[in-house]
Amino acid sequence: MFHNPNMKKLLFQLLLPAIAMISAGLFPVAAFAQLSVSNTVARPLFDKKTVGEIRLTLPTSEWVDVLDSLRIYGTEALSATVVIDGLRYDGASVRFRGDKSYAKGLRRNPFSIKLNGTSPGQNHQGYASLKLSAAVRDPSMAREMLFHEIASKYMPASQAAYTKLFVNEEYIGVFVNVESVDKQFFENNYGDSRGAAFKAGVDNKPENLPTTCKQNIFGSLEYEDNLDCYKGNFELDSRGGWTELQELTRKLAQEPANASQVLDVDRVLWMLALNNVMVNLSSYSGNYSINYFLYRDGNNRFQPVHWDLNLSFGSYKNTGSGSDLDLRALQNLDPLLHADNLYKPLVSQLLKDPLNKKVYLAHIRQINEENFLNGSYEKRAQELRGMIVVPFNDDKNKTYSYDDFQRSLNATVGKKSKIPGLTELMGKRSRFLKAHPELTKLPPVVSEVTVKGRGKFESQKLNAFYISANADKYPLRMYLYYRFADQDAYTMVPMSEENVPGLAAGVKSFAAQVEAKSQEAVLDYYILAENVGAASFLPANYTKQSFKIKLSELNK
């Protein structure tokens, strides 16, 4: 295969350690074969340009009945062999998953697959757990994919990709493979997986909950005196953390101005803004306050993460007030939904702060402008659906017809469920948001950001970062957010207004100084400015790429 002698020699050197292990009986030949294949032809698990393939071999032909029983009566799983894009894993386990998305007797139910079921440490490209969504009540099969892709521009979000599923060689259908929110997710996104992780909503409430617990509050984060009450509304994936969750709810109820001590407030505002723009009401923003995670990171602050997004874009229609919304009400959903709702403290208590409210509305404006007003969401939805036309049509277990699938981009599907078409909903919604009085206020525009360097003939080195910036549209205040390491929480300092001659009307200049820890210190920062009616950031994509400057560069 290799005609170049140097390539042959290099390949032999690379394989020599594995060959030695095989000879000593320390490395199974099957595993070696799998390793060789995975290094050459492995498809990335969440590749968005191709449709993957997962094949399950289960030990019974009555697997639907068995998985139903396991789902209804216990927490155990069925043993399985899993082949992912041609790579085989024995010792895996399988369960049906989902709450309202699960239905007894269906072959096309959501699946939870653990590759390390009876084989500790086994994983595929670092992922030990797979979550397959059946895209229930989503005839377009694009809702989850679109939401995750858009959300990931602004905050940590699960990866998602399409995959075909076979069980015992029977084609079950095309599914959405959604990255599990687990320790690997936390390690990848926060650099630490040791914190407590809470999922809002529980499948089975614990018995003997205190009678004093508030009823039917789900994951609303209302404060409760009795710590045990939280166990009826959240699932905890660690040994401890209930006290910290209670403290979060206490801060929200009694000290909302100090919520940032235990909560990443900006990430929460992004979560709420994404829910609102994309009408994701099977979430904290809807009736039941479910389908999200809270992870306590290495800075002891809770981080929000979206989950179960197949009902986004108006597929679920209830806000918790009155009956289900019709199409017009979904299109005109108030951007300040729940701002006065005491039973939704993540919204009402945080938006009491005028700056938080301006930041939240700035996030809504940005999401709308970057994804919907420009029509990019529609183009992406068409691309996604084009990938799965054939496997969708070949699916004998599909809930919706091929005609429904084709119409669902632009038209309502279902006489009872009335699931709005994506463009039917978001075309008018994006224009409604653009014209909303809370979103037409012109924000300040930050410009001319300068970081002071050492003067040409100055012998004394700088020991601090001195940052200045201008903003127009009559700014009231400007804030500098900074940190010295990627996993640190940002520190916010108000910038001082400076008297700079020659500025145009409506333009002001601000500055702030940050002491450096060493000459090699690297400052990671972004700027927020606010005027009477609105706020804006620089850089606009600060959640993904903020400004960076090294002190030693300034001292050259």
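A contact here means that heavy atoms of two residues come within 4.5 Å. Counting contacts between residues at least 6 apart in sequence, 68% of them in this predicted model join residues at least 24 apart.

What does the overall fold look like in numbers? A compact globule of 556 residues would have a radius of gyration near 24 Å, and the protein's 26 Å agrees with that. Along the principal axes, the C-alpha atoms fill a box of roughly 80 × 70 × 50 Å. Of the 556 residues, 51% are buried.

A few spots in the backbone deserve a second look. Most residues other than glycine have a negative phi, and most peptide bonds are trans. Asn168 isn't a glycine, yet its phi is positive, at about 50 degrees. Asn168 sits in the loop between strand E6 (160-167) and strand E7 (170-179), and its relative accessible area of 29% makes it partly exposed. Glu448 also isn't a glycine and has a positive phi of about 50 degrees, but Glu448 lies in strand E12 (residues 446-451). Exposed means over 50% relative accessible area, so Glu448, at 59%, counts as exposed.

Then there's the peptide bond from Leu538 to Pro539, which is cis, with omega near -5 degrees. Pro539 is found in the loop between strand E19 (535-538) and strand E20 (547-550).

Definitions and conventions. Residues are numbered from 1 along each chain as its sequence is written. This is a predicted model: local features need pLDDT of at least 70, side-chain atom pairs count only at pLDDT 80 or more; totals for chains, interfaces and linings use all residues. Side-chain values use heavy atoms; hydrogens and water are left out. The radius of gyration is taken over C-alpha atoms; the globule rule is 2.2 Å times the number of residues to the power 0.38. Buried means under 20% relative accessible area, exposed over 50%, partly exposed in between (1.4 Å probe, protein chains only). Helices (H or I, at least four residues) and strands (E, at least two) are DSSP runs, numbered from the N terminus.
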